[in-house]
Amino acid sequence: MTIERTLSIIKPHAVEKKIIGKIFDRLECAELTIIGCKMLQLTLCQAREFYAEHQDKIFFQNLIQCMISGPSLISVLEGENAIQSYRQLMGATNPIHAISGTIRADYADSLTENAIHGSDSSISSTREINFFFSCYELFSKKYQL
């Protein structure tokens, strides 16, 4: 059993659609524990830094505009094989390829407005969690003294 952490972002258009509770319910049903959570609106600088690995891709500007358009709900999830579990729960990045019953199949509006973001690896997870959270903002029984 491998307990992992992963980052989750409910993107601005999904926050606006008032589906946070529906997404959180799915996370908890999938045995993923929310150990940190905050709502914030990314600045242009933050969005560019966070998505820097995509800066040369044609969708970069649309992604940045989407991410700064309103508040996002950012959380850290913990659970057994959390990264892969969350990736499966999210569904394919492009919602037209997402399997029925996944979050993106059910709630995404387009490739850019695909409802959520999740870390794609343990390296990305560590970087992304540290981008938004200090260790003092995470509440995990695993790490309590």
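Colleague: Why is Asn81 called partly exposed?

Modeller: Before anything else, keep in mind that this is a predicted model. Asn81 has a relative accessibility of 34%. Buried would need under 20% and exposed over 50%, so with 34% Asn81 counts as partly exposed.

Colleague: Where does Asn81 sit, and what is its phi?

Modeller: Asn81 is in the loop between strand 3 and helix 5. Its phi is positive, about 50 degrees, although Asn81 is not a glycine. Most residues other than glycine have a negative phi. Lys18 also goes on the list, with a positive phi of about 60 degrees although it is not a glycine.

Colleague: Is Lys18 buried or exposed, and how do you know?

Modeller: Lys18 comes out at 72% relative accessibility. The cut-off for exposed is over 50%, so Lys18 counts as exposed. You'll find Lys18 in the loop between helix 1 and helix 2 (20–29).

Colleague: Back to strand 3. What makes you say that strand 3 is largely enclosed?

Modeller: Strand 3 covers residues 72–80, and eight of its nine residues are buried, so the rest of the structure largely encloses it. As for its partners, strand 1 (residues 3–10) pairs with strand 3 in the antiparallel sense over eight bridges. Strand 2 (residues 33–40) pairs with strand 3 too, again antiparallel, over seven bridges.

Colleague: How do you know that those count as pairs?

Modeller: At least two bridges between two strands are needed. Strands 1 and 3 have eight, and strands 2 and 3 have seven, so both qualify as pairs.

Colleague: Next, helix 5. What makes its buried residues a face?

Modeller: The buried residues of helix 5 (82–90) are Ala82, Ile83, Tyr86, Leu89 and Met90. Looking down the axis of helix 5, they fall within an arc of 130 degrees, so they line one face of the helix. Among the elements that cover them are strand 1, helix 2, strand 3, helix 6 (103–107), strand 4 and helix 7. Gly91 follows helix 5, and its phi is positive, near 95 degrees.

Colleague: Why do the buried residues of helix 7 line one face?

Modeller: In helix 7 (residues 122–132), Ser124, Ser125, Glu128, Ile129 and Phe132 are buried. Down the axis of helix 7, these residues stay within an arc of 125 degrees, so they line one face. They pack against strand 1, strand 2, helix 3 (44–50), strand 3, helix 5 and strand 4 (116–118). On the face turned away from that buried side, helix 7 carries the exposed residues Ile123 and Asn130.

Colleague: Which residues does UniProt mark as "binding site"?

Modeller: The unreviewed UniProt entry puts that feature at Lys11, Phe59, Arg87, Thr93, Arg104 and Asn114. The lining of the largest pocket includes Lys11, Phe59, Arg87, Thr93, Arg104 and Asn114.

Colleague: Why does Lys11 count as buried?

Modeller: Lys11 has 4% relative accessibility. The cut-off for buried is under 20%, so Lys11 counts as buried. Lys11 lies in the loop between strand 1 and helix 1 (12–16). Leaving out residues up to four places away in sequence, it touches a list that includes Tyr51, Leu63, Met67, Thr112 and Asn114.

Colleague: What makes the pairing of the Lys11 and Asn114 side chains a polar contact?

Modeller: The distance in that contact is 2.7 Å. The limit for such a pair of N or O atoms is 3.5 Å, so the two side chains fall inside it.

Colleague: Is Phe59 buried or partly exposed, and what about His54?

Modeller: Phe59 has 34% relative accessibility, so it counts as partly exposed. His54, at 18%, is under the 20% cut-off, so it is buried. Phe59 is in the loop between helix 3 and helix 4 (60–67), and His54 lies in the loop between helix 3 and helix 4 as well. Setting aside neighbours within four places in sequence, His54 is in contact with Phe59 and Phe60.

Conventions
Residues are numbered from 1 along each chain as its sequence is written. This is a predicted model: local features need pLDDT of at least 70, side-chain atom pairs count only at pLDDT 80 or more; totals for chains, interfaces and linings use all residues. Side-chain values use heavy atoms; hydrogens and water are left out. Buried means under 20% relative accessible area, exposed over 50%, partly exposed in between (1.4 Å probe, protein chains only). Helices (H or I, at least four residues) and strands (E, at least two) are DSSP runs, numbered from the N terminus. The arc is that of the directions from the helix axis to the C-beta atoms. Contact means heavy atoms within 4.5 Å. UniProt positions are given in the numbering used here, feature names are shortened, and annotations may be inferred rather than shown by experiment. On a 1 Å grid over the protein atoms alone, a cavity is a set of points where a 1.4 Å probe fits but cannot get out, and a pocket is an open set with protein on both sides within 12 Å along at least five of seven lines; lining residues have an atom within 4 Å of a point. A polar contact is a pair of N or O atoms within 3.5 Å; within protein, one must be able to donate a hydrogen and the other to accept it, and residues adjacent in sequence count only if both atoms are side-chain atoms.
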